[in-house]
Amino acid sequence: LRRGTAAPDLAGRRVVVSAGGTREAIDPVRFLGNHSSGKQGYALARTAAARGADVTLVAANVSLPDPAGARVVRVGSAAELAEAMEAERRGADAVVMSAAVADFRPVRSVASKIKKSGAAPGPIELVENPDVLAGLVASRASEAPGQTIVGFAAETDDVVANGRAKLERKGCDLLVVNQVGGGRAFGTEDNQAVVLGADGSVTDIPTGPKDDLADRVWDLVVERLP
Ligand code: CTP
Ligand code: CA
């Protein structure tokens, strides 16, 4: 299956992909963030568009050129990402949550820059963010019946066992599990994964370009579309 010559098996379908990493403000110039480059999510958006889908890409703090054929919605924080995903998922056939969402945010984001002069700052108190993926699953029956929902996870140790537990906890249809640690780094050009299905399926995707992994994920989504 060569890109560009692929069957347009997502023609007439609408898909929403989240990408990048959220940032949680501490003050006007500082944030809690993560190392997600957004490359895998952009590859998912690019390949879906190449297969004929109407693509919305919700991008959190990504510095990459817009993928051809996708509409890009930019967000910063987890709360903004949640709001954008809830709006964009309506009428979509599939949603893929490849963004790295901050699990916690500072309880308070102060309006003035924290200065080093004066008293030493206190600890940054954190509160848990809503789980966007679990929320999309919970509201699927009323908001988007039949929608295919895909999550991502990075795991160490027993990747399949950890992934299976996470899939069940989240309630999504597919979970794309990357093995991390052992020299694997963020921002690389290649990726590998095992994709776990709620139906018990296990699909190994060997190390290769992120566009190839994206195409394999869309193959699994296409199989599940009504
Ligand atoms: N996710 C989300 N909202 C959050 C946290 C995670 O939508 N607040 C999504 C991610 O986009 C990803 C999936 O959930 O698709 C799994 O994220 P992960 O961080 O692996 O799972 P957590 O449930 O946060 O578990 P933990 O970080 O403790 O392993
Ligand atoms: Ca997490």
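Helices (H or I, at least four residues) and strands (E, at least two) are DSSP runs, numbered from the N terminus. This is a predicted model, in which local features need pLDDT of at least 70, side-chain atom pairs count only at pLDDT 80 or more, and totals for chains, interfaces and linings use all residues. Residues are numbered from 1 along each chain as its sequence is written, chains are lettered from A and ligands numbered from 1 in the order in which they are written, and side-chain values use heavy atoms, with hydrogens and water left out.

**View 1. D103 and the calcium ion.** D103 sits in the loop between β6 (94-97) and β7 (104-106). The calcium ion is ligand 2, and its protein donors are D103 (OD) and D103 (OD). They lie 2.4 to 2.5 Å from the ion. Donors are N, O and S atoms within 2.8 Å of the metal (3.2 Å for Na, K and Ca). Water is not among the atoms, so sites may look incomplete.

**View 2. The surroundings of ligand 1.** Ligand 1 is surrounded by 14 residues. The closest are M97, A99, L133, K166 and K170. A residue counts as near if one of its heavy atoms lies within 4 Å of the molecule. A backbone N or O atom of M97 is 2.8 Å from one oxygen atom of ligand 1. For A99, a backbone N or O atom also lies 2.8 Å from an oxygen atom of ligand 1. From K166, a side-chain N or O atom lies 2.6 Å from an oxygen atom of ligand 1. On its own, ligand 1 has 570 Å² of accessible area, and the protein covers 77% of this. Such areas come from the Shrake-Rupley method with a 1.4 Å probe; for residues, only the protein chains shown count as cover.

**View 3. A nonpolar surface patch.** L32, F104, I124 and L126 form this patch, with about 350 Å² of accessible area together. Patches take residues with over 30% relative accessible area and no salt bridge, and nonpolar side chains (Val, Leu, Ile, Met, Phe, Trp, Tyr) are joined within 5 Å. A salt bridge is a side-chain nitrogen of Lys or Arg within 4 Å of a carboxyl oxygen of Asp or Glu. L126 belongs to strand β8 (residues 126-128).

**View 4. Positive phi at N61 and D157.** N61 is not a glycine, yet its phi is positive, at about 60°. N61 lies in the loop between β4 (54-60) and β5 (70-75). D157 also has a positive phi of about 60° without being a glycine. D157 is in the loop between β9 (148-155) and α5 (159-170).

Definitions and conventions:
Patch = residues over 30% accessible without salt bridge, like charges linked within 9 Å, V, L, I, M, F, W, Y side chains within 5 Å. Polar contact = N/O pair within 3.5 Å; in protein donor to acceptor, adjacent residues only side chain to side chain.
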